[in-house]
Amino acid sequence: MSELDIRKWLSDISESVKERDIDRHMGLVSEKVSVYGLPNKKVLGYDDWRQRRENEFKRGILKAISYDKLQVKNFGLRRLIFGIEEIMDATNGDMVIINKQVILEQEDDNQWRVVEESIHNWKFIKASHKN
């Protein structure tokens, strides 16, 4: 079941972004989440994630998030660890491709939520705007 749980979570994240549904989106993120490996060396927490996503949704910056190259690394009864490539598509055509490790935890309400992300590398692809 572990890979199915991961794929369901990834699908739910993608759908919440497509629908710009902040409550559904944040329901997939643990209140104790930590995101490591950002270029500015800061560690993002739950409030930071929510603020960033709300801004992206309100301003219409983020068009979609998709995932590729899933590599299940470890799984336990309530914890799943996997590597993934996250593709963030901006409405202006720019893309960010992020290679990261994600840890999901099944919390007390039985919902799988991300508790940790470690970004290994990322690539920014500027859209070619032809006039």
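How many bridges join β3 to strand β4, and do the two run parallel or antiparallel? In this predicted model, 11 bridges join β3 to β4 (residues 95-106), and the two strands run antiparallel. Residues are numbered from 1 along each chain as its sequence is written, and side-chain values rest on heavy atoms, with hydrogens and water left out. Because the model is predicted, local features need pLDDT of at least 70 and side-chain atom pairs count only at pLDDT 80 or more, whereas totals for chains, interfaces and linings use all residues.

The sheet is open and has 5 strands, in the order β1-β5-β4-β3-β2. Its pairing is mixed. Strands (E, at least two residues) and helices (H or I, at least four) are DSSP runs, numbered from the N terminus. Two strands count as paired if DSSP finds at least two bridges between them. β1 and β2 stand at the edges, each with a single partner strand, so one side of each has no neighbour in the sheet. The twist averages 25° from one strand to the next. Axes here are lines fitted to C-alpha atoms, for helices over the stretch in contact, and angles between N-to-C directions run from 0 to 180 degrees.

β2 and β3 also run antiparallel, joined by 10 bridges. A hairpin of 3 residues links them. Tyr67 stands opposite Glu86 in β3. Glu86 in turn stands opposite Ile98 in β4.

Two helices lie across the sheet. α1 lies across β2, β3, β4 and β5 and runs at about 165° to β2. α3 lies across β1, β2, β3 and β5, at about 90° to β1.

Helix α3 spans residues 46-59, which is 14 residues. From first C-alpha to last it reaches 20 Å, close to the 20 Å expected at 1.5 Å a residue. The expected span is 1.5 Å times one less than the number of residues. Tyr46, Trp49, Arg53, Glu56 and Phe57 of α3 are buried. They lie on the same side of α3, because they cover an arc of only 105° around the axis. This arc is taken from the directions from the helix axis to the C-beta atoms. On the other side, Asp47, Gln51, Lys58 and Arg59 are exposed. Buried means under 20% relative accessible area, exposed over 50%, and partly exposed in between (1.4 Å probe, protein chains only). The buried residues of α3 pack against elements including α1 (2-18), α2 (22-26) and β5 (112-125). Contact means heavy atoms within 4.5 Å. Just after α3, Gly60 takes a positive phi of about 70°.

The largest nonpolar core has 30 residues. Such a core is a set of buried Ala, Val, Leu, Ile, Met, Phe, Trp, Tyr and Cys residues joined through side-chain atoms within 4.5 Å. Trp9, Phe82, Leu104 and Val114 touch the most other members. α1, α2, β1, α3, β2, β3, β4 and β5 each supply at least two residues of this core. α1 gives the most, with 5 residues. Leaving aside residues up to four places away in sequence, Phe82 touches Ile6, Trp9, Leu10, Leu70 and Leu104, among others.

Lys42 lies in the loop between β1 and α3.
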